[in-house]
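Here is a brief report on one protein model.

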Amino acid sequence: MLMNKNSGPSNGEAKLQYGPSGFRVLRAGNHVFCAMSGVPIPLDELRYWSVEHQEAYASAQLATERMVP
């Protein structure tokens with residue numbers, strides 16, 4: 001299969017729309033940044049996010065801390 005520069009995975013930051021049971025890729029990339037710590041999270045390791053805040057989190061602990069008033 002021939003691939004051009006737009007058909008393969010991107011190495012930059014992805015733009016996602018977070019839903020209650022998954023996310024939709026709006027702009028291709030291979031990672032997003034944690035809203036709490038700023039560390040990059042590879043998309044295949046992304047497990048925690050907020051639909052309300054449209055943010056990703058690197059761990060369950062960070063996601064829980066974000067939800068505390």
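The protein has 1 salt bridge, counted when a side-chain nitrogen of Lys or Arg comes within 4 Å of a carboxyl oxygen of Asp or Glu. Its partners are glutamate 55 and arginine 66, with 2.9 Å between the closest N and O atoms. Glutamate 55 sits in strand β6 (residues 55-57) and arginine 66 in helix α1 (residues 60-67), so distant parts of the chain, 11 residues apart, are linked.

This is a predicted model: local features need pLDDT of at least 70, side-chain atom pairs count only at pLDDT 80 or more, and totals for chains, interfaces and linings use all residues. Residues are numbered from 1 along each chain as its sequence is written, and side-chain values use heavy atoms, leaving out hydrogens and water.

The protein holds 1 helix and 6 strands. Both are DSSP runs numbered from the N terminus: helices are H or I with at least four residues, strands are E with at least two. From the N terminus on, the order is β-β-β-β-β-β-α.

Now the rings. The whole structure contains 2 aromatic pairs. Rings of Phe, Tyr and Trp (its six-membered ring) pair if their centres lie within 6.5 Å; planes under 30 degrees apart are stacked, over 60 edge-to-face, and the rest tilted. Phenylalanine 23 and tryptophan 49 pair edge-to-face, at 5.5 Å centre to centre and 85° between the planes. Phenylalanine 23 belongs to strand β2 (residues 23-27) and tryptophan 49 to strand β5 (residues 48-50), so the pair ties together parts 26 residues apart in sequence. Ring pairs join Tyr18, Phe23 and Trp49 into a cluster.

How buried or exposed are the residues of interest? The table lists four of them, where buried means under 20% relative accessible area, exposed over 50%, and partly exposed in between (1.4 Å probe, protein chains only).

| Residue | Relative accessible area | Class |
|---|---|---|
| Phenylalanine 23 | 31% | partly exposed |
| Tryptophan 49 | 23% | partly exposed |
| Arginine 66 | 28% | partly exposed |
| Cysteine 34 | 4% | buried |

Cysteine 34 lies in the loop between β3 (31-33) and β4 (40-42). Leaving aside residues up to four places away in sequence, cysteine 34 touches Val39, Ile41, Ala56, Tyr57, Ala58 and Leu62. A contact means heavy atoms within 4.5 Å.

Of the 69 residues of the protein, 25% count as buried.
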